[in-house]
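Here is a friendly note to read alongside the model.

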Amino acid sequence: MNPLLDLSRRPVIAHRGASADAPENTREAFALALAQGAEAIELDVHGTADDVPVVIHDATLERTTDHAGLVAAHTAAELRSADAGAHFTPDGGRTFPWRGRGVQVPLLAEVLEELAEVPLIIEIKDPRAQGAVRRSLVDQRATGRCMVAAEDPAALEAFSGPPFGRGASRPEIARLWLRSLAGLKLDPVGYRILAVPVRYHGLPVPTRRFVAAARQLGCPVHVWTVNDAATAVRLWRRGASGIITDRPAAILAARARVARG
């Protein structure tokens, strides 16, 4: 069973790969996360000017690459020359160990092919990219292992119903959270996972009541972004399923300590 859907599992999910140790949303970060033991990966997708889904978080290129401008204003071929390791620094800007090493903005199709057995949470950042993402999942026969998610519910319209699995959008999560606060049952509306932040505007989201209500629907709650081992342990003890983290090795070590009692 897909560990992202299995309520008996506590998967450690690499947030944009092992993004504390390698440039986020790159093939290098994904490979490192798997080497560290991560059981699933969360990544972000935008669409290019020629409607190709590429793996990058921001709508613009400046923060993570040496290029500038909107992702959507460039073709996939043009993005090939961008250095996606240019600004990664593990030490506050003293060194940039991945700069000039050929790290690229990957195509979603490349990632699906290379990570052919790996469960993924694919965050669609722009509704205009959803059609291209859908095609990639079908073409790569990846619908069973991939969950699609988005802040904007409009980005999930192409994924209503089988064979696609989707998470609740941000407005849906807020509504479900309010229902749980009121002691009301959560109503299933086509989502299969809930990927939620630890806190939203200072308020805890994955409360015991919220997690319990979701589990009653058979819906795992995966929490982001958790880099502190003690926080991960507290969330697991509340019934949370996955921990989405920049530091999979550290969270896996914490899970092993919990398993040992």
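1. The structure holds one cavity of 30 Å³ or more. A cavity here is a set of points on a 1 Å grid over the protein atoms alone where a 1.4 Å probe fits but cannot get out. About 60 Å³ of space lies in this largest cavity, the volume being the space filled by probe spheres set on the points.

2. Before going on, please note that this is a predicted model, where local features need pLDDT of at least 70, side-chain atom pairs count only at pLDDT 80 or more, and totals for chains, interfaces and linings use all residues. Residues are numbered from 1 along each chain as its sequence is written, and side-chain values use heavy atoms, with hydrogens and water left out.

3. What lines the largest cavity? Its lining residues (an atom within 4 Å of a point) are E24, N25, T26, V55, I56, H57, T64, T65, A84 and V105.

4. H57 also meets R16: a polar contact (N or O atoms within 3.5 Å, one able to donate a hydrogen and the other to accept it) of 3.1 Å joins their side chains. R16 sits in the loop between β1 (12-15) and α1.

Methods. On a 1 Å grid over the protein atoms alone, a cavity is a set of points where a 1.4 Å probe fits but cannot get out, and a pocket is an open set with protein on both sides within 12 Å along at least five of seven lines; lining residues have an atom within 4 Å of a point. Helices (H or I, at least four residues) and strands (E, at least two) are DSSP runs, numbered from the N terminus.
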